[in-house]
Every structure is written in C-alpha cells, then in structure tokens.
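Please look over the sequence and the model below before reading on.

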Amino acid sequence: MISKEDKQIFMQAAFSEAEKARQKDEVPIGAVVVKDSQIIGTGHNEREEKQDATLHAETTAIRMACEYLNSWRLEGCQLFVTLEPCPMCAGAIINSRIETVYYSAFDPKAGACGSVLDLFAVEKLNHHPRAYGGLYLDQGKQILKTFFQDIRKRQKLLKKGRKNNADTL
C-alpha cells in the first residue's frame, strides 16, 4: 500500500515531467512508474518534438521501466500520470501488467479509465489495472488550462500581427 506522502511525492515527480514537456511546447503531461517505492521510469510528452504519435508520457515511462527491470512485465508497479490515459496508453498499461494507475486530471475527450471508456473494465482482457483519478486534481487541471490559454494568446497575437502587416502593404 502506498502512503499518502508517497503518492504526493510520486505525483509531484509526474508534474515535474509535465513541466519538461511544457518547456518544449508539448502538451504538459508527465508520468512516472514506481516499484517498491522507487521511481524506475519517467516520461513526458514528446510527440511534437520527435514527430511520433506514440511518444506519450506513459509510453515513455513504461519503456524506461521495462528497460530498468529488463522485462516487459511491470507486475507490482504503479503509474502516476498527470492526465487520464488515452486508449493507446491504457492498452500499454494493460499489456505491461501495471497494477495501479493514479492520475490527476480527467480527460473528457480521450480518457480510457472511465471518462470516455474504461478499458481496464473490459472483462475479456486478461489484466485489469486499478485506476484512481483526481489525485491533485486542481494542480493537474491548472497546468493544462494555463498551457492552452497561452497557446490561444500566442495565436491571437500572431493573427493580429499578420493583420497589421497586411494593413501596411
């Protein structure tokens, strides 16, 4: 059983990974894989930077944890992530045998732990991770909200700049 203090430490580590993504103008999502109260995998979104649709925070953290354990089976591991996993990531979580997922913000557009669908509850699948959402929810929502507000501000300034340039021609 993970203590409340450990959950805070691990979720804050995931938020630190999200900040790394934000600094690269990636959607700020971060993840860490934990085994025996030790972080064994970290990841943040790198889709834009590396132009690879599979480079979500979760898949990167899972890949690192598999390398660390020299096994694709992450039995007894927990995943902490700042946004509810999408279907691709939920599939990777199931296939890697992660035991428990803790996430912050819910994803009403692509969440696969209950918001849009719940892959972990599909009876015919052979592994059913437990998922707990809403951990440090306000912090998780604020990081995403600020990121998308900043994007909209930049787009508005660019549009205004293009209009001003067109007016001077």
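What follows describes the overall build first and then individual positions.

This is a predicted model, in which local features need pLDDT of at least 70, side-chain atom pairs count only at pLDDT 80 or more, and totals for chains, interfaces and linings use all residues. Residues are numbered from 1 along each chain as its sequence is written, and side-chain values use heavy atoms, with hydrogens and water left out.

**The whole protein**

The protein has 5 helices and 5 strands, where helices (H or I, at least four residues) and strands (E, at least two) are DSSP runs numbered from the N terminus. Their order along the sequence is α-β-β-α-α-β-α-β-β-α, and the C-alpha trace spans about 65 × 35 × 30 Å along its principal axes. Of the 169 residues, 40% are buried; buried means under 20% relative accessible area, exposed means over 50%, and partly exposed lies in between, with a 1.4 Å probe and protein chains only.

The accessible surface amounts to about 9700 Å², and carbon and sulfur atoms account for 52% of that surface; such areas come from the Shrake-Rupley method with a 1.4 Å probe, and for residues only the protein chains shown count as cover. Among contacts (heavy atoms within 4.5 Å) between residues at least 6 apart in sequence, 58% join residues at least 24 apart.

**The annotated span and Glu 58**

An unreviewed UniProt entry places the feature "domain: CMP/dCMP-type deaminase" at residues 5-115; UniProt positions are given in the numbering used here, feature names are shortened, and annotations may be inferred rather than shown by experiment. The span of residues 5-115 is 41% helix and 23% strand, and its end C-alpha atoms lie 27 Å apart.

The UniProt annotation "active site", again from an unreviewed entry, covers Glu 58, a residue found in helix 3. Leaving aside neighbours within four places in sequence, Glu 58 is in contact with Ala 31, Leu 79, Val 81, Leu 83, Pro 85 and Cys 89.

A polar atom of the Thr 59 side chain lies 2.5 Å from the backbone oxygen of Thr 54. Not counting residues up to four places away in sequence, Thr 59 touches Thr 54, Met 88, Cys 89 and Ala 92.

Thr 82 belongs to strand 3, made up of residues 77-83. With neighbours within four places in sequence left aside, the contacts of Thr 82 include Ala 14, Phe 15, Pro 28, Gly 30 and Ser 104.

Trp 72 sits in the loop between helix 3 and strand 3. Beyond residues up to four places away in sequence, Trp 72 touches Cys 66, Asn 95, Ser 96 and Arg 97. Trp 72 and Cys 89 are 17 residues apart in sequence, and their C-alpha atoms are 15 Å apart in space.

The table sets out the accessibility of these residues.

| Residue | Relative accessible area | Class |
|---|---|---|
| Glu 58 | 3% | buried |
| Thr 59 | 10% | buried |
| Thr 82 | 3% | buried |
| Trp 72 | 42% | partly exposed |

Why is Thr 59 classed as buried? Thr 59 is classed as buried because its relative accessible area is 10%, under the 20% limit.

Notes. Polar contact = N/O pair within 3.5 Å; in protein donor to acceptor, adjacent residues only side chain to side chain.
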